[in-house]
Amino acid sequence: AKRARCRPYITPRVWVAHYDWMHVNITLVGGSDGLLMVDTHGSAEAARVVADDVRRLGAGTLTGIVNTHEHWDHHFGNATMVEQFGEMPIHATEWARDHVEESARHTFEMYEQASDHPRREEVLATTLRPPTHTFSAAVQLDLGDRAVELIHPGRGHTAGDLVVRVPDADVLVGGDLVEESD
């Protein structure tokens, strides 16, 4: 699989990798207690590439995941990350968690019918792992020496979008709140 175009960091202990398939950006936020991953990609196979990239970065252990919303290309890698790095909290808004299974069902149905899609088998082989920790408006995560805020600013790309704010680094990750479609 093709490696990410990864910037060493966008600010100290915050890294972003861009993966060509689905134009997915995956962000890592580092703290003294480990790494928080924002979104996990669109299949188990694609997530294994991401996991390898996290290990190659050598910045710490993955200790938490954030899904910015319920669309499959942001959470179909959750199960792979847990398999690769062990049990960890998977954060999302309550609305996103409540709609992950329905969204995944639509995606699986679409790929079932797309018999000539080059990623069909890869997507269909993915195991769903829903978020385990939810909130409605805002929550603060403790990464040891760094706080990270998850904020649901209201309806955006979906009704369950969240943004990730890293106050000490002046970083805001918005998932698909700002996107460019072909």
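The buried residues of helix α2 are N78, A79, T80, M81, V82 and F85, where buried means under 20% relative accessible area with a 1.4 Å probe and protein chains only. The helix is mostly covered, since 6 of its 8 residues are buried, and the elements that cover these residues include β4 (34–38), α1, β5 (62–66) and β6 (90–93). Helices here are DSSP runs of H or I with at least four residues, strands are runs of E with at least two, and both are numbered from the N terminus. After α2 comes G86, which has a positive phi near 100°.

This is a predicted model, in which local features need pLDDT of at least 70 and side-chain atom pairs count only at pLDDT 80 or more, while totals for chains, interfaces and linings use all residues. Residues are numbered from 1 along each chain as its sequence is written, and side-chain values use heavy atoms, with hydrogens and water left out.

## The crossing of α1 and α2

The axes of α1 (residues 44–57) and α2 (residues 78–85) come within 8 Å and cross at roughly 45°, the axes being lines fitted to C-alpha atoms over the stretch in contact, with angles from 0 to 180 degrees between N-to-C directions. The two helices are therefore oblique to each other, a class left over once angles under 35 degrees (roughly parallel), over 145 (roughly antiparallel) and 65 to 115 (roughly perpendicular) are set aside.

The contact, defined by heavy atoms within 4.5 Å, is made by A44, A47, R48, V50, A51, V54 and R55 of α1 together with T80, M81, Q84 and F85 of α2. These residues divide into 7 nonpolar, 2 polar and 2 charged.

## The open sheet β8-β9-β10-β11

An open sheet is formed by 4 strands in the order β8-β9-β10-β11, with antiparallel pairing; two strands pair if DSSP finds at least two bridges between them. At the edges stand β8 (138–142) and β11 (171–173), each with a single partner strand, so one side of each is left without a neighbour in the sheet. From one strand to the next the twist averages 20°.

Strand β10 (residues 163–166) pairs with β11 in the antiparallel sense over 3 bridges, and V166 stands opposite V171 in β11.

## G31 in strand β3

G31 lies in strand β3 (residues 24–31) and, at 17% relative accessibility, counts as buried. Leaving aside residues up to four places away in sequence, G31 touches R13, L143, D145 and R146. The C-alpha atoms of G31 and V166 are separated by 11 Å, although these residues are 135 residues apart along the chain.

Notes:
Buried < 20%, exposed > 50% of the residue type's maximum accessible area, 1.4 Å probe, protein only. Nonpolar A, V, L, I, M, F, W, Y, C, P; charged D, E, K, R; others polar.
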